[in-house]
Amino acid sequence: MPHDTQLTFADHLGRFYARQYSFPPMAGRLLGYLFVCDPPQQTIDELGEALLASRSAITGAVKLLEGYRMVRRTRSAGERVDRVSLDPVSEQPQNFDAAIHREHAALFREGLAVLADASPERRARLEEMVALAEFLAERLPALQDEWHAHRDALRASGTPPTRADDGQGPPQREHAGHWAD
């Protein structure tokens with residue numbers, strides 16, 4: 001059974017993801033619990049029991065989080081149930097993709113074209129959003145390189161401890177638009 005502190009953390013993360021990313025609360029709670037549960041791989045039934053949720057609520061949350069590559073299901077030979085765990089890709093920030101910000105800038109420029117004849121006051125918000133999106137698209141690749149160097153230095157010093165091998169082979173760089181370890 002989970003500790004109260006584990007469930008409190010899961011609830012806090014669930015509220016954060018609901019507020020910041022419009023996730024259903026159960027998806028955020030599930031994600032939070034997977035960060036702190038032992039063992040780190042849990043069946044749907046174990047997750048439902050721990051989080052006091054129905055099998056269908058857990059299954060829906062797993063499907064959503066799989067779509068974001070935040071969790072994954074695995075099944076060992078001879079087992080009849082899937083085990084759910086954090087996807088190692090999820091441990092890396094997903095917001096370093098400069099292409100997203102270039103796309104935002106293009107969309108905001110489209111909005112500026114709609115307001116071509118509008119006053120500078122009406123155009124100001126979109127112009128600022130174009131500038132922000134272009135700034136982020138320009139700066140994020142360097143920031144990502146800085147993060148990787150910082151993370152590697154932390155791992156080399158043992159702070160935080162090096163992750164156990166996740167069975168995914170050697171570290172990878174870009175994978176399906178997400179940055180992996």
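**Labels and their criteria**

Biologist: Why does F9 count as partly exposed?

Modeller: F9 has 34% relative accessibility. Buried means under 20% relative accessible area, exposed means over 50%, and partly exposed lies in between (1.4 Å probe, protein chains only). F9 therefore counts as partly exposed. This is a predicted model, in which local features need pLDDT of at least 70 and side-chain atom pairs count only at pLDDT 80 or more, while totals for chains, interfaces and linings use all residues. Residues are numbered from 1 along each chain as its sequence is written, and side-chain values use heavy atoms, with hydrogens and water left out.

Biologist: What makes F9, F35 and V36 a nonpolar patch?

Modeller: A patch is made of residues with over 30% relative accessible area and no salt bridge; nonpolar side chains (Val, Leu, Ile, Met, Phe, Trp, Tyr) are joined within 5 Å, and like charges within 9 Å. F9, F35 and V36 form such a patch on the surface, with about 240 Å² of accessible area together. That area comes from the Shrake-Rupley method with a 1.4 Å probe, and for residues only the protein chains shown count as cover. F9 itself is placed in helix α1 (residues 4-21). Helices (H or I, at least four residues) and strands (E, at least two) are DSSP runs, numbered from the N terminus.

Biologist: Why is the pair of Y17 and Y21 called tilted?

Modeller: The structure holds six aromatic pairs. In this one, the ring centres of Y17 and Y21 are 5.1 Å apart and the planes stand at 45°. Rings of Phe, Tyr and Trp (its six-membered ring) pair if their centres lie within 6.5 Å; planes under 30 degrees apart count as stacked, over 60 as edge-to-face and the rest as tilted. Y17 and Y21 are therefore a tilted pair. Because they are four residues apart in helix α1, about one helical turn separates Y17 from Y21. The rings of Y17 and F23 also form a tilted pair, since their centres are 5.4 Å apart and their planes stand at 45°. F16, Y17, Y21, F23 and Y68 form one aromatic cluster.

Biologist: Why do Y17 and Y21 fall in their accessibility classes?

Modeller: Y17 has a relative accessible area of 15%, so it is buried. Y21, at 44%, is therefore partly exposed.

Biologist: What makes D45 and R55 a salt bridge?

Modeller: A salt bridge is a side-chain nitrogen of Lys or Arg within 4 Å of a carboxyl oxygen of Asp or Glu. The closest N and O atoms of D45 and R55 are 2.7 Å apart, and the pair forms a salt bridge. It links distant parts of the chain, with D45 in helix α3 and R55 in helix α4, ten residues apart. E46 and R83 meet in a salt bridge as well, at 3.6 Å from N to O. That pair joins helix α3 at E46 to strand β2 (residues 83-86) at R83, 37 residues apart. By this rule the count comes to ten salt bridges.

Biologist: What is the span of α6 set against?

Modeller: The expected span of a helix is 1.5 Å times one less than its number of residues. Helix α6 (residues 120-157) has 38 residues and reaches 53 Å from its first C-alpha to its last, close to the expected 56 Å. A kink of about 40° lies at L140, shortly before the proline P141. The bend at a residue is the angle between axes fitted to the seven residues ending there and the seven starting there.
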